[in-house]
Amino acid sequence: MALAAQGLGVPKPAQVTKRHLLATIQRLGLLQIDSVNVLVRAHYFPPFSRIGPYPTEWLDDLAYRKRRLFEYWGHAASLIPVDLFSSFRWRMERAKQGIGVYRGWVNFAKDNAGLIQEVLEQIRQHGPAGAGDVEKAIKQEQLAKKAGWWEWSDSKTALEWLFWSGQVTTSTRRNFERVYDLTERVYPDLYNGDVPDRAIAQRELVATAARALGVATENDLGDYFRLKINETRPRIRELVEAGELIEVKVEAWRQPAYLSSSARIPRSLEAGTFLSPFDPLLWERKRTERLFGFRYRIEIYTPAEAE
């Protein structure tokens, strides 16, 4: 059921089209973006695992020219079908209030309100720009680069704050670098529309996760779009009452599980494919271990043993 929900175990199309690519992303609900690039960057990989080889520029076309996908914080930084844009407006609005955002960013926003507004006005007046373009335009002493994992300048941090709060979005990418523009210019109809009730939006995210996972615990359902457990539980109860989720027991699972009412339950399933560690089937490692008895860690995030 888990493999079938992820679009695995079905024959790959003889002739891949953009329609197959978009349908795969819509089935998964999102693609995690990551800078790791061994064969290709992480977000190009999950569609390949399901439909086979395709021109990777098709994904860029769907995101940055056709506007069928948008970038935002889903599981992590993600490409998400625009049908779900409204379901993230509550997260954007809460971020403006400093809720649900890394504490360091909240403190940065309080201490640098003027800079953030200046960065926003720079983009408003001069159009799409990368972080380097903005930094050159503003030319302030506080934009000096900081030490740290990402070595972000203050202008880059300001842009990421504006991105999380939904005020700017990725208009396109240049050699993987984000080019930012006002969200109201890139997605005017979506951004200027009403902000749905938070419970309705979260229910849609949990239902999307359930369809993508097939069968899952409440932790699995919440983790898919990074919902907190106190946000996930009431949405699960509502979906059970509506008949969209069915509570089930899975042998050897300690937690109750939930089955999407649309889940396909194949008699058997055979699948052979090549998966990225950033594939939605694998990114929740505890779930992978529960499902397949497969315990793994990705080396780049595993500390070296103490000497």
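So, the accessible surface first: for this protein chain, it comes to about 16100 Å², and carbon and sulfur atoms account for 49% of that area. Please keep in mind, everyone, that we're looking at a predicted model.

Now, from the surface to the inside. Of the chain's 307 residues, 50% count as buried.

What about the overall build? We have 15 helices and 9 strands in the protein chain. The radius of gyration is 20 Å, close to the 19 Å that the globule rule gives for 307 residues, so the chain is as compact as a globular protein of that length.

Next, the contacts. Take those in the protein chain with a separation of 6 or more: 63% of them are between residues 24 or more positions apart.

Let me finish with one residue I'd like you to find on the screen, Q32. Where is Q32? It's in strand β1, which covers residues 31–32. And is Q32 buried or exposed? Its relative accessible area is 11%, and because the cut-off for buried is under 20%, Q32 counts as buried. So which residues does Q32 touch, leaving aside its neighbours within four places in sequence? There are A42 and H43, then the run H75, A76, A77 and S78, and finally F278 and W283.

Thanks, all, and over to you for discussion.

Methods. Residues numbered from 1 in each chain as written. Predicted model: local features only at pLDDT ≥ 70, side-chain atom pairs only at ≥ 80, totals over all residues. Heavy atoms only, no water. Helix = DSSP H or I, 4+ residues; strand = E, 2+ residues; numbered from the N terminus. Buried < 20%, exposed > 50% of the residue type's maximum accessible area, 1.4 Å probe, protein only. Contact = heavy atoms within 4.5 Å. Rg over C-alpha atoms; globule rule 2.2 N^0.38 Å. Areas by Shrake-Rupley, 256 points an atom, 1.4 Å probe, with all protein chains shown as cover.
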